[in-house]
Every structure is written in C-alpha cells, then in structure tokens.
Amino acid sequence: MRDSWIVKDEVRDALCEGKPVLAFESTVLTHGLSYPTSRDLAFRVEAAARRQGCIPATIGIIDGVIHVGMTPEEIDQLAGDGRACKGSGFDIAFLVAAGRSAGVTVSGTLAIAERAGIHVFATGGIGGVHRGASETFDISHDLASIARSQVVTVCAGAKAILDLPKTVEYLETVGVCVLGYRTDTLPAFYTADSGIPLTYRVESAEEVADAFMARRTLGFGGGLLVAAPIPKEKELPPDEINQAIEDAVKLAGTKGVRGKALTPYLLAQLAEITGGRSVEANLALLENNARVGAEIATSISRKLG
Ligand code: PSU
Ligand code: MN
C-alpha cells in the first residue's frame with residue numbers, strides 16, 4: 001500500500017520541537033464556501049495563526065493521501081476540486097483505500113489531528129442536532145467526535161440552521177465540556193449570542209490550557225469545546241439572518257435534501273440569500289477563532305514544555 005500520510009515538514013518540525021500547531025478543517029473549503037473564496041479564506045486563516053507564532057496545519061485528503069498541513073498549491077487543488085468528498089471521521093479509511101480526495105469535517109479533522117499529536121483545532125461552526133431531528137435522527141457525528149477527542153476544538157458556536165438548544169443538550173449527553181470564551185451564552189455563528197446559557201465561562205487561553213493539562217494529567221475523558229463569539233462589530237443583524245435561515249430550512253424540507261448533503265445545501269442557500277455579507281462574517285469569525293486557538297496552543301505548548 002502506498003504511503004497514506006504526509007505531514008508537512010514545518011508541521012513535523014514544530015511537533016517534534018514541542019512548538020504550537022493549530023489544525024484547520026477542509027470541508028468548509030470543499031463544501032462550505034465557493035471557490036476561490038474558500039481558498040483565499042484558508043490562506044487568511046493560516047496567516048492569522050502564523051501571526052500568533054503558531055504553525056497552521058490544514059488537514060485534508062488528496063488522492064487517498066491524508067495531508068497534515070498543506071502547501072498553498074495543495075489547498076488550491078483541494079478547494080477547487082468539485083468532485084471532492086465530504087470526509088467524516090468514519091469515512092477516512094475508505095477514502096484512503098479508494099484513493100479519493102476529500103475535505104474533512106470537524107469529526108474527520110479531530111480523528112487525524114489526534115493521531116498526528118496536534119492538541120488544538122479551530123473551525124467556524126460545528127455540526128450539531130438538525131432541526132426536526134426527532135423525526136430525521138440527523139445529528140452530526142461531530143458531536144460524538146468532539147466528546148471522544150483529546151484535541152481541544154475552538155468554534156463560534158453553531159449556525160442556527162441547527163436546533164441549538166438540542167445541540168447543547170446532546171453535547172452533554174455524549175460528554176463535552178463547553179467553555180464560553182468571554183461569553184455566558186452559546187454563540188450562534190453569525191450572531192454573538194443565541195440566548196442559550198452555558199455553564200462555564202473563561203476569560204483567557206490559559207484557563208483552557210489548564211483544563212487540557214488537568215484532563216491529561218488526571219486521565220479523565222470528555223471533550224473540550226471552546227465557544228468564542230464572532231466579534232460584535234462583524235455580527236450580522238439577528239432578525240435578518242434568522243429569517244434567511246428559516247427560508248433556507250424550509251426550502252431544504254420542500255426539496256427533500258437530507259444526510260450529508262443537508263449542511264452544504266443550507267450553507268449555499270444562506271450565502272445566496274445574504275450575498276457577500278455572510279462570507280465576510282464567516283471570515284471574521286474564523287480569523288478570530290484562529291487567534292484564540294493559536295493562543296490556546298501556545299499556552300499548552302508552554303505547559304507541556
Ligand atoms: N457548519 C458550518 N460550516 C461548515 C460545516 C458546518 O457552519 O462548513 C461543515 C463542517 O465541516 C462540519 C460539517 O464538520 O459541515 C458537519 O456536517 P454534518 O452536519 O453533515 O455532520
Ligand atoms: Mn447529518
């Protein structure tokens with residue numbers, strides 16, 4: 001069998017030397033945003049990590065090879081590959097064996113990052129419990145993966161395309177400790193405040209790193225999810241975005257879109273309804289999460305040092 005892993009040199013060096021590394025997913029590139037906006041967003045998010053002294057590792061699968069860290073050319077290739085699959089944690093072995101290319105989801109990225117020895121992962125919005133899940137059973141594998149993983153996930157909450165109260169309940173069911181990053185409520189991606197209270201709030205990256213270290217030292221399980229709100233000045237007007245979400249969800253129902261296709265469909269609809277503004281907000285919150293994630297990774301690397 002051909003080599004199924006490539007760890008980019010600078011990522012391998014950083015991991016060997018105990019320097020901070022921050023993982024990024026790639027389904028947002030292949031299925032979340034359109035090309036070339038997706039590629040440019042990946043470059044800007046990687047740059048945000050570098051500005052904090054952290055090595056970025058965008059993770060994806062190209063022709064059956066798992067890439068931990070990608071060159072700009074590889075990011076361009078994957079983001080522009082209209083035939084790329086959407087690879088969740090449970091799909092990776094098949095995608096490698098079949099020689100396929102895939103953007104990896106939150107669950108896929110966590111599975112790969114953990115094996116590579118990366119401690120922190122930043123994304124935009126996690127998957128969750130879809131509206132109508134009591135009928136459809138559509139609950140993203142992301143939630144179980146976050147619960148199982150030793151990697152800290154940083155997100156801007158989840159989009160209100162999901163049932164957010166049920167998502168919070170389900171995070172508890174599977175075993176995820178959710179930390180509001182300078183917030184008392186779950187952020188809702190485009191908006192800073194969903195109104196859903198969180199149990200814990202932290203003010204600094206160091207508090208997250210302390211929780212990571214305690215879990216590691218004491219040998220406890222349980223996922224760590226950091227929820228950092230979009231910067232207030234970049235927030236979209238709640239009424240407007242919520243109406244757009246209602247319309248998108250209704251349309252998906254009428255068209256019978258389900259399964260792996262549902263999240264990408266809703267994201268595409270939202271981009272269309274809101275025009276360029278949703279993409280701008282997406283970029284702003286991802287850069288913010290990259291910054292927060294890089295600070296957490298830096299703090300963890302110091303404590304492990
Ligand atoms: N939510 C977003 N943007 C995204 C995704 C979710 O706001 O790009 C992507 C992420 O990669 C996430 C995946 O892991 O969709 C979840 O898909 P599903 O609901 O099919 O598990
Ligand atoms: Mn699903």
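**Figure 1. Helices around ligand 1.** In the shell around ligand 1, α2 (27-32) and α12 (262-274) each supply at least two residues. The model shown here and in the other views is predicted. The shell comprises 14 residues, of which E25, K86, S140, D142 and K159 come nearest to ligand 1. Sorted by class, the shell around ligand 1 holds 4 nonpolar, 6 polar and 4 charged residues.

**Figure 2. Polar side-chain atoms at the oxygen atoms of ligand 1.** E25 places a polar side-chain atom 2.7 Å from an oxygen atom of ligand 1. D142 likewise has a polar side-chain atom 2.7 Å from an oxygen atom of ligand 1. For T263, an N or O atom of the side chain is 2.8 Å from an oxygen atom of ligand 1. Ligand 1 exposes 470 Å² when taken alone, and the protein buries 93% of that area.

**Figure 3. The largest pocket, the space taken by ligand 1****.** The volume of the largest pocket is about 690 Å³. Its lining consists of 39 residues, with K86, G127, S140, D142 and T263 the closest to the centre. Two or more lining residues come from each of α2, α6 (106-116), α8 (141-148), α12 and α13 (276-304). Of the elements in this lining, α12 gives the most, with 5 residues. The lining of the largest pocket divides into 16 nonpolar, 17 polar and 6 charged residues.

Figure 4. The largest share, 3 residues, comes from α11. By class, the lining of the second largest pocket has 6 nonpolar, 5 polar and 3 charged residues. α12 also contributes to the lining of the largest pocket, where it gives 5 residues.

**Figure 5. The largest cavity.** Rolling a probe the size of a water molecule over the atoms shows where empty space is left. The largest cavity holds about 100 Å³ of space. Among its 13 lining residues, F24, E25, V28, L41 and V45 lie nearest the centre. The elements giving two or more residues to this lining are α2 and α3 (37-51). The most comes from α3, which gives 4 residues. In the lining of the largest cavity, 8 residues are nonpolar, 3 are polar and 2 are charged. E25 lines this cavity and also has a polar side-chain atom 2.7 Å from an oxygen atom of ligand 1.

**Figure 6. The second largest cavity.** The volume of this cavity is about 40 Å³. Its lining is made up of I126, C155, G157, A158, T167, V168, L171, L186, L225 and A227. At least two residues of the lining come from each of α9 (164-174) and β11 (223-227). With 3 residues, α9 gives the most to the lining. The class division in the second largest cavity is 8 nonpolar, 2 polar and no charged residues.

Figure 7. Most residues other than glycine have a negative phi, and most peptide bonds are trans. Y35 and P36 are joined by a cis peptide bond, with omega about 5 degrees. P36 is found in the loop between α2 and α3, the two helices that each give two or more residues to the lining of the largest cavity. R182 is a residue other than glycine with a positive phi, near 55 degrees. R182 lies in the loop between β9 (176-181) and β10 (200-202).

Methods. Residues are numbered from 1 along each chain as its sequence is written. Chains are lettered from A and ligands numbered from 1 in the order in which they are written. This is a predicted model: local features need pLDDT of at least 70, side-chain atom pairs count only at pLDDT 80 or more; totals for chains, interfaces and linings use all residues. Side-chain values use heavy atoms; hydrogens and water are left out. A residue is near a molecule or strand if one of its heavy atoms lies within 4 Å of it. A polar contact is a pair of N or O atoms within 3.5 Å; within protein, one must be able to donate a hydrogen and the other to accept it, and residues adjacent in sequence count only if both atoms are side-chain atoms. Accessible areas come from the Shrake-Rupley method with a 1.4 Å probe; for residues, only the protein chains shown count as cover. On a 1 Å grid over the protein atoms alone, a cavity is a set of points where a 1.4 Å probe fits but cannot get out, and a pocket is an open set with protein on both sides within 12 Å along at least five of seven lines; lining residues have an atom within 4 Å of a point. A molecule sits in a cavity or pocket if more than half of its atoms lie within 2 Å of its grid points. Ala, Val, Leu, Ile, Met, Phe, Trp, Tyr, Cys and Pro count as nonpolar, Asp, Glu, Lys and Arg as charged, and the others, Gly among them, as polar. Grid points are joined across faces, edges and corners, and a volume is the space filled by probe spheres set on the points.
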